[in-house]
Each structure stands twice: as C-alpha cells, then as structure tokens.
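Subject: Structure handover

Hello,

The structure is placed below, and my notes on it follow.

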Amino acid sequence: MPISTKIHQRVRQLHIRQALLWLFAVTTLHAPVLAQEFDFAHRIVPILQKKCGECHAGKEKQGGYSINTRESTIEGGDSEKKILAKPIEESELIRRILSDNPDEQMPPEGERLSKEEVATLKEWLSLGAPWEPGYSFGAEEYAPPLKPRRPNLPPASDPTRTHPIDRFLDSYRADLKLPILPTIDDAAFVRRVYLDIIGLLPTPSEVTNYVKNPEPDKREKLVRELLNRNMDYAEHWLTFWNDLLRNDYSGTGFITGGRRQISGWLYNALVTNQPYDSMVRELIAPPTEESAGFGMGIRWRGTVSAGQTVEIQFAQNLGQSFLGINLKCASCHDSFTDRWKLTDSYGLAAIYANETLQIHRCDKPIGKEAKAAWLFPELGNIDAALPQKERLKQLADLMTHPDNGRFTRTMANRVWHRLMGHGIVHPTDAMETKPWNEDLLDFLGIEFSERKYDLKELIFLIATSDAYRTQVERIQERESQVEYRYAGPQAKRMTAEQFVDAVWQLTGAAPKAIDAPVSRGLPNDPANKEVGALQGNWIWAESATQPGGPAAGEKVVFRKKFSIQGEVTRSSGVITCDNSYILWINGNKVGEDGNWENIELFEPSKFLVQGENEIVALGGNGGNGPNPAALYIEMLVETEKGISRVATSTEWEVATGTPDNQGKLSGDQVKWRPATEAAGPWGGRLNGELQQSLSRGLSVGNKMARASLMKGDFLMRSLGRPNRDQVVTVRPTELTQLEAMDLSNGQTLADWLKQGGVLWHSLVQKAKADGKDEKQVIGQLYLQALCRLPTDAEWAAIDELVGQEIEAVEMEDILWAIVMLPEFQYVR
C-alpha cells in the first residue's frame, strides 16, 4: 500500500526540520558572517593609527603592548589582561579608553576617542577583532616581485609523483615534516572535476565508465575531454568572469544607459578560449563597442563622491580584477594597508579620462591635477599627451607586458583558488601579501605565460596533479589569523549557479529560454560540417521588383508548411528581416525584432511536432519612402532519419494582412501567392554570419539552459550570487539564515523538486513496466546527485518512507533529502 498522506506529511516535516537544523548548525559553526565583512582597513586602522600608534606601533611597545599584528593586539601586553572579553565593557582596551584615571587612560595625552570611535571599537572587538590578512602597523616586511621568475623544481619525492605541482607541494610538506596526503577514489574525483570544470553533475553512465576504465592516463583524458566541451566550459566559467568583470544582464545603470553589458563578447571569448592577455587588452583598449562596458563602469545618477566617478571606477576595477590590489583606499587617501598612494589611483584614472581630472582627498579637491601614469614605471609609462584611445593601448600593452609577473600570478592564484578552495595568496585580492608558497605561485604564473595565456591549459596543469585529487582538508575550529598550512584542497560550496544547474539536472525544471543576450555554442563548430552553405533565398512579395523597392511601412505575411518524420534530436534556426519581423511556429510566437542588421538565432524543437508543421512570419519594411526589403529564414532539423532543412525560397507563400496572436490570417479576402526573390545587398553582408549562427544553434541542440545565462532571481541572490555593481572575486563561504529559510520554505525550489518527483516517478513506472526493480531508479538518482549509491542506513530510511510502492510524492521527498545534504551542496 502507498504511504498514507499523514505519514508523508510527518516525513516531509522531518526532512525539512533536519535540513533546517543542518543549515543553522553550519551557519552557527562558521559565524559570524559579519566578521568577514567588517571593513577593518577603513574603520579600525585610522583609529588605532591616530590614537594608539605613537606609543604602540612599529618599534614602540610601551607597557609591552604592541598593535603591530592582531596577535600582539589581543595579547594585552605586560598586563596580560584580556582585550577580547565578554561583556565587551570588561575588555582592557575599552576600559582604558573610557577611564578618567590619568595614570591609565588611553591615549594618555591629547584628544580622547569620540563616542562614535568607541562604538566602532566595541563592534570590532565583539566580532572577534577581524584583521586584514597580512596587515601590520610595523614596517612592511614583504614586497611582491614585479618580474616573473622560474623557480628550481624540487626533486620528486617518489617515482610516481613527478607532476611539477606535486613536487613543489611534497617539498613544502617535507620541510614541515608532514606526510604526503591521501587521494580520493575515482567516483569522488569524477564529481569534483565535472563540477569544477563544466559546473555540471556527471551522469550515472559517465561515473561508472570512468570508475571501470583501467587506463593509467584516464585522469588526463577526462580533464582534457571536459575542457574540450567548449560550450559547457564557457557557460560554467561565465559565472566567475561575470563576477570578476561586474557584468550582468539586469540591474543598476542598464535602464538609464549608464552601464553597458559585455555579455556577447565575454561568451565568445570563453567559448573560443581566447588567450587571457588578448582578453585583457580588449577590455582595457576596446577594439569595438562589444568589450567597452567593463571600462565604462557605472555612470551613477545624480551627484556622486569623487571616489565613484567613472574614471576612478576604471582604476579600482583594473587594479582589483587584473592585479589583485585594492585601490579603493587609495582613491580617497593614501592607503593605510599597503604602499599605494592617492596619486597612484588618480594616475591610472587619468589614463581613461577625457578631460582634466582634479585630485580629491576624502572627497575634497586639493588643487592638483592628475597625470596619466602606470603603476609600475619599471615596465614603461604612459604618454599623457596622447588621445585617450592611444593611452589605453599603451596601458593594455603595459598590463600584459611579458615582464609583468604580477599580472600572470594574479590570475594563476585566482584559478588555483577556484579549483583548490584556498588561494596561494589568500584572499585573492590581497596580492601584496606573501604567498604561503612563493615557488609554487611563481611556477604557475610563468607556466601560464609560456603556455600562451591559455586558461584551459592552466586549469589542465592544476587538475591533472595528484594535489588536485587529494582528500579535502578537515578544517578544525581554528583562528582565521593562524598561519595557513597547506593540507589539501578545501571543500567548496557550490555557487548559486552550480546549485541551480544541479537541481535542474535532477528535476528537468530548467527554463526553455535564457536571459543573456548571447548566441550559445561555438562559432563555426567543426563538428557541424553538415551545416554547409546556406540554401535559402532572400524573399519578399511582388513589390520587391518595383523600382526603388517596396513602399515604406509595407507588411507582408509569409508561410511555409513542412513535415517532420521522427523525434527531433537537434535543431537550429536563424532569421533576419529588413526591416522588422514577428515569427510563429505552429501558432506559438517564437520571437520578434525591429533591427534589420540583427541576426536572431532560435531553437525550434520545442515548437515542432511529428507530422505537419507550419512556420509563419510577418515582415515589415521601414524607411520614409520605397526601399529594398527582404526576409531570410533557415532551419536545420535533425531526427533519427537525418537532417532536413526549411529555408525561405520562392516556394514559400505570401499574403497581405495582419495575423492574430497565433500567427493566423482569417477572412475570405486572404490570397496566398508565391513569394518573390528579392535582390539586394543583404547576402553579401550577412550570409557569413547567418551560416555561423546556424552552426552555433546546432551545437546547442536541446542543451539545458544554464543558470549563468539567467538573470539573478531571489533564490540565487540568497545563495550568494552578487548584484555585480562591484567587482566580486570571492563569494561568501558561510551559509546564512536567509538561505536556510529559502532552501526549506522557498516556493521556487519546492516547485522544481515537485516537478522532479514527477519526472523520477515516471522512470519508476517505466522500470516497473519493464519488469525491473523500481528501487534501481532511486539508486540512479543517488548516483547522479552524489556519484554513489545509497548507504545501508539510507536504504533503510528509504524503505521506511516508500513502503511497497513508490509514488511521485515519495520521489519528491527523496529529492528534498538529497539536495539538503552538505555532500550535495559542496564540491569535495
């Protein structure tokens, strides 16, 4: 008998309760989130430097108390009295700041701290005194080298451990008298590498095929195979690059025209694996408008501070994205935390400026003009007398200069962090900080440049090391300020996009259309040789043959009936019209556009049926008088019987009238007649792009929409997807109470899992009809989600849940239980 509704409700409540307990437990374990977000550099450093530095910073250590580092700050000096205390009023630091006793008050002379400053210090101490990694009030101890360096490769610790990364890490751990770390099994490796490289869960067959493969080089082959899945790779790493380049599909500035997307350019750069140095050159000195949006930043409405002008944004974003340095402090005043000065930020900003740029300190003009200058004059400088376009070319050359080792090390460090969970310099925007292994970082940086700035080759280098397949580090409750020691990769939370993609894979709930204004797939994909030359004609009504062309404003309805035999496996369609069109297939509106220069790619399969089909388009001419007009459509439809084409030609029919919302013309006066081939300049200008788009569409086929191509919704925002008003290089690693509530009670996820329950129940019914064990389907679900079968304990729980028959609601509950597991939500 099926499980009763009452028992089902109790089980569901138990699953939700367990999920909430886990989520809140993890939130508490890693709390407080605010400690990571506390702005130490701007809120605490100025207070300590001004009020305490004279007696307790640098070489000064009165009373044995030094504020040079976090450790010395909280130790309390000779008194050994607690600086971190609860309640916070018992902190020795707070007590002395508030004291009226002249023998112990701090500071002993001069102006006392304001109420606001005291409140800031209390807040800081209550959060555990979070500190900027690597910062010291003492003398600067580390200066990152500028030029690249190839370090000597240590000898292999074992004949089987010859990969250069393993040689560096084995030597590092040997120096610390630590053993070589154990590795994960094949199934765990498959899940890790799929999620890291293409952001998707492997299918059950992909898992089992790899596990059973006896070839010794199967790891290298799998990594290469995944990197060659160009579209999957691009649509996963698009998340990283959108964050890094603060690109998005909606948000602040787009409606008012104060911001411009680089989505199409970025997608093409990733799917074609454009070299990183070339990408950066095009972002700094855009050859076309397609990549100009990054440099433009956001032109905020109304009056903004001097630190938020477009020119200053340009300097800040360049420094952070490509060099891993923080110029935000130095955009307001000389930095408290590193070497950068106000003139450095303004010098970089002046390269972008089209007019004289006045230097402001703390939002007040100081009466000096900024001069265009590069941060590292050892490599060359900027000719300030040149026009902006030429200055930007000089800057692009200097940024990507072969001797700029900081450029390559920064990206190598970011990719290492993405794959291994912790940067060699950490955080990744603190590149003024000493790496925990300088040789390893220098090696990755110079290998990256010598491999022609190939991002895939950098990923391949890291992912084929034994270090990459090491068991994840077991992180104990340790102070975040304790010196990091490499102990293996760290488990990484799925990004919001990875989590959503994984749920869509399990439930079939992905949307049919994407939001990003991109053409998916690889241009001129060699796998699509069958596309060949275009086979259609540019067509219009008889008016195309009139002198001057059809009248302005003329509208023509086009139609073609065609048959499809067999189930559609792939399809692709392109359309363009001078001047505008609306397109329907089988009464379903596919799209519309009003720009004759646009070529639109569409995916017809979701509108097609086996048997008879009809395509209808309404074309409109523009202009102020007679002028050429034409429509071009071509579709490729693949079934098990082969590929068929539907392309505009004189075999199409045309009529006059206005179709309804389903593309239908009605009335006795409608007269259909053959279309006319239209002569004009379109083919010469657009045929190459039409062919390329058709090929891309065939590459896409019936591929699932990806979350990276969707606008951020409430669920993705709560899971950590940023608004991208600012450059974001590392997303939050802690779970929040908002996520716990949204994951357990949010309607979006609930709807997806309900749909998934129906999907997996249909597979259960099919297995039953085929005489197979229905519970094998549950095993397949676990294998796809977790790359393993259920444990004995899980099987026992499942048996208790489902009873003798498996219903859709039970499969929905199993999905709930799986997606709430830390094992599912982490890349381990």
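For side-chain exposure, I call a residue buried under 20% relative accessible area, exposed over 50%, and partly exposed in between (1.4 Å probe, protein chains only).

This is a predicted model, in which local features need pLDDT of at least 70 and side-chain atom pairs count only at pLDDT 80 or more, while totals for chains, interfaces and linings use all residues. Residues are numbered from 1 along each chain as its sequence is written, and side-chain values use heavy atoms, with hydrogens and water left out.

Confidence

The mean pLDDT (the predictor's confidence in each residue, from 0 to 100) of the protein chain is 89, and 93% of the residues score at least 70. Residues 1–36 stay under 50. For that stretch the model has 45 contacts (heavy atoms within 4.5 Å) beyond four places in sequence. Residues 477–481 are also below 50, with eight contacts in the model beyond near neighbours in sequence. Where pLDDT is low, the predicted coordinates should not be read in detail.

Domains

The bounds come from an automatic or database domain assignment. The protein chain is divided into the following:

- domain 1: 3–126
- domain 2: 161–256 + 415–518 + 704–731
- domain 3: 303–399
- domain 4: 526–700
- domain 5: 737–827

Domain 2 against domain 3

The C-alpha centres of domain 2 and domain 3 are 32 Å apart. Domain 2 puts 11 residues into the contact and domain 3 puts in 14 residues. Between them about 910 Å² is buried (accessible area, 1.4 Å probe, that two parts lose on being put together, summed over both), and carbon and sulfur atoms give 42% of this area. On the side of domain 2, Asp-429, Glu-432 and Val-727 lose the most area to domain 3, together 52% of what that side buries.

Which polar links cross this interface? There are four residue pairs in polar contact, both residues at pLDDT 80 or more. A polar contact is a pair of N or O atoms within 3.5 Å; within protein, one must be able to donate a hydrogen and the other to accept it, and residues adjacent in sequence count only if both atoms are side-chain atoms.

Salt bridges

The whole structure has 51 salt bridges. One of them joins Asp-217 and Lys-221, at 3.8 Å from N to O. Asp-217 is partly exposed at 32% relative accessible area, and Lys-221 is partly exposed at 43%.

Lys-766 and Asp-770 meet at 3.1 Å, N to O. Here Lys-766 is exposed, at 52%, whereas Asp-770 is partly exposed, at 44%. Elsewhere, salt bridges that share partners join Arg-150, Arg-224, Glu-447, Glu-450, Arg-451 and Glu-457 into one network.

Regards

Definitions and conventions
Salt bridge = Lys/Arg side-chain N within 4 Å of Asp/Glu carboxyl O.
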